Amino acid sequence: MRLQVKVGQVGQVRGGVAVYAAWEGEQRPDRVLPSYAARDRAFIQLVGRCGFRGAANETLMLPKGRSWVVVVGLGKADDLSLDRVRQLAGTAAKAVRARGFKHLVLPVLRERAIGQAGAVSQALIEGALLGLYRYDQLKQVPKHEKTKRIDTITLVAERSREAAESRRGVERAEAVVEAVLLARDLINGPSNLVTPTHLANQARAMAKRHRLKCVVVPFARLKRMGFGGIVGVAQGSPHPAQFIVLDYAPPRARATFAFCGKGVTFDSGGLSLKPAAKMEQMKYDMSGAAAVFGTLQAAARLKLPYRVVGIVAAAENMPSGTAQKPGDVITTLSGKTVEVLNTDAEGRLVLSDCLHYAKRYQPNCTVDLATLTGACVVALGSEAIGLMTKDERLAARLNQAGHATHERVWRLPLWDEYGPAMKSDIADLRNVTNTGEAGTITAAKFLEEFTEGLKSWAHLDIAGTAWTEKDKPYVPKGAVGIGVRLLVRLMENWK
Ligand code: BES
Ligand code: ZN
Ligand code: ZN
């Protein structure tokens, strides 16, 4: 894919399909952003006569001169945001590809509400490339579909001063998108292929490409070293668990971040077996791990001035003769014992070892990501990540990064009154409550038990947001790749 920035008007780029952005709610759509539409009244009237209203992501393709134009709705002017810009680009890119065109030309919109050329350009390229993503590596795509491929995207800035800024935005977008797509590929991959060993191999390959340090602790050593949480979950599966640490450590790092990811490559529930309906979706139970991998790759590519440590527990949760059983008591890496009353509450077990392990890096900030609870899907649906932390400042920072990237978080309380529900009669902790109340919060309280000594910790429950069942402008059905853009932005805005 060739990405370039030019100065001028979108209609002037030869051989490309120009995108015109149009507002909603005008009597006549002659408020098609005037400069981008090259002030062509006749054309604007034609768009209106076609019944085009300008609703968000509405599209209309028309021939114009020797080429084609795609008019895309921006929605109401008052609702304009950077996310609308991402959506516009994703919608336009897919429409252009579907018609078999290869060159997309996007205007670097100049509107006060969405910021400078750099941010706008980054949003445009993110939207287009994330929208064009398909997971088709396991299927025989017919040739005429395969040749439908956009090979060039040109951004057109109005002023040369903006072009330099725009180019930097494009570079940032490329780094971020590559990281998100890495995560999506791993999540969409079926669990017979994306095993814990596969995740470890991917981590090693990424470390080599981007000069990260990578340490993988294989299953036999996890047993010897006392990673009781991970071992307990993995012992029912023929696929051995892998504990994966990726370390990006630039010289003179200004701070250290630790990111922990739940990497359950398939969650059958174990002996506390899940119902059959939608069980196939549980291949996405490693979305936290995928987000951590993507974040590390992006941090390295963007040369962020922070040390970033990614800690992933990769394991498969299966029922079998060797599986852990309801009622078993395990000893986690921290030394705390856990009565496993439900083998389906396995995410917190593998994460407890990750969080304890993170302490050795003395991070300034630790964030874990996990598809942890069905209760989070019930509470927040698919628009908001569940955020739990006692650190007000970190909550504010994650909230801000969430709005900037549209990977929005919504905070739930982590009050100590929720804690006793996780106490066991015969061990230090139990892994489920006996009431089923506040499932998302009590899971976080369980994790909190393993964060003593960590300076600043937040838990992100991405169970509802990591997977989408419907196509969205820049997120096709399936893996979202959520968390990568959020964490990268958190770090970029740190100081
Ligand atoms: N991986 C699931 C959570 C999940 C559910 C993620 C739906 C995505 C969609 C997790 O391991 C799990 O099974 N949690 C249990 C906990 C319960 C036994 C306390 C749940 O949510 O039912
Ligand atoms: Zn489970
Ligand atoms: Zn799970």
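Q: Which residues come nearest to ligand 1?
A: Asp-267, Lys-274, Asp-344, Glu-346 and Gly-374 do, out of 16 residues around ligand 1. A residue is near if one of its heavy atoms lies within 4 Å. Keep in mind that this is a predicted model, where local features need pLDDT of at least 70 and side-chain atom pairs count only at pLDDT 80 or more, while totals for chains, interfaces and linings use all residues. Residues are numbered from 1 along each chain as its sequence is written, chains are lettered from A and ligands numbered from 1 in the order written, and side-chain values use heavy atoms, without hydrogens and water.

Q: OK, and what does the side chain of Asp-344 do with ligand 1?
A: An N or O atom of that Asp-344 side chain is 2.8 Å from an oxygen atom of ligand 1.

Q: New topic: which residues are the protein donors of the zinc ion (ligand 3)?
A: Lys-262 (NZ), Asp-267 (OD), Asp-285 (OD) and Glu-346 (OE), at 2.0 to 2.4 Å. Donors are N, O and S atoms within 2.8 Å of the metal (3.2 Å for Na, K and Ca); water is not among the atoms, so sites may look incomplete.

Q: Is Lys-262 buried or exposed?
A: Lys-262 counts as buried, at 2% relative accessibility. Buried means under 20% relative accessible area, exposed over 50%, and partly exposed in between (1.4 Å probe, protein chains only). Asp-285 is buried too, with 2%.

Q: How far apart are the zinc ion (ligand 3) and the zinc ion (ligand 2)?
A: They are 3.2 Å apart, and Asp-267 coordinates both.

Terms used: Polar contact = N/O pair within 3.5 Å; in protein donor to acceptor, adjacent residues only side chain to side chain.
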